[in-house]
Amino acid sequence: MTENKLLAEVNGKQIFLSDVYELMQGMQDSERFNNEEGIHVLTDELINQELILKDAKEQKYDQDDEFIEELETVKDNMLKNYAMHKLFDNIEISDDELKEYYEKNKESLFSPVTYTASHILIEDLEQANKIYEEINEGLDFAKAAEKYSKDPSANNGGQLGTFPKGVMVKEFQEGLDSMEVGEISKPVKTQFGYHLIKLDDKKEKNTSFEEIKDQVRSTYEMIKRQEVYVELVNKLAKNAEVKKFY
């Protein structure tokens, strides 16, 4: 473990190596300071900040109305975040509960099936059918996507990449499940319009609960957090006067 070396002292305030590393963590280009020269530069910056702080106190800036107002806002935000932390910290999830959640949702949320697909999005059914006929007559699917698709994926030949089962809207997913690899669907209607779907690949991997347990826990924790959050705010709202103007 690196020694927490004392690097400087300003009016009795000690600056340690750990203070420099803490400052470094909030910097996007922190790696360029992770050397002896960089640490000296950041130590100088911390010294400068202490000098500014001392001067600000002497100028009694902490008594300015604007500062007091901003400080209250910061305190309120910190308190809200702390309250959320306390709320979520009380959540306990047993392995049995986690396994039960996995078994109920493994097909929709943790499906071992992945698809590689492309699509062409068209607003009009008649036009979608015409494009489908053009493709059957020899028009390359990617070229058709670039020419006709209203989706941003048109710039990439309609490619959607590889994705797990359940991430697409219901009608699109049903279209995928009815297709063979290499097949191009007839127009499939969704809330976005009409899709011509090309199933480029489909794979299924046998994954056990233990292999993805951390992923399951992360997903379930988010759900539990949302549940306790909604439960608390609904309870608090009953004893509060809430007016909405929207």
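Reply: D201 and K203 form a salt bridge, with their closest N and O atoms 3.9 Å apart; the term denotes a side-chain nitrogen of Lys or Arg within 4 Å of a carboxyl oxygen of Asp or Glu. The model is a predicted one, in which local features need pLDDT of at least 70 and side-chain atom pairs count only at pLDDT 80 or more, while totals for chains, interfaces and linings use all residues. Residues are numbered from 1 along each chain as its sequence is written, and side-chain values use heavy atoms, with hydrogens and water left out.

Of this pair, D201 is partly exposed at 26% relative accessibility, whereas K203 is exposed at 54% (buried means under 20% relative accessible area, exposed over 50%, partly exposed in between, with a 1.4 Å probe and protein chains only).

The structure holds 14 salt bridges. One of them joins R32 to D29, at 2.6 Å from N to O. Here R32 is exposed, with a relative accessibility of 56%, and D29 is partly exposed, at 35%.

Another joins R217 to D95, at 3.3 Å from N to O. Because R217 belongs to helix 8 (residues 213-238) and D95 to helix 4 (residues 95-105), this pair ties together parts 122 residues apart in sequence; helices are DSSP runs of H or I with at least four residues, numbered from the N terminus. R217 is partly exposed at 24% relative accessible area, and D95 is partly exposed at 41%. Both residues also belong to a network of salt bridges that links D95, K213 and R217.

Methods:
Helix = DSSP H or I, 4+ residues; strand = E, 2+ residues; numbered from the N terminus.
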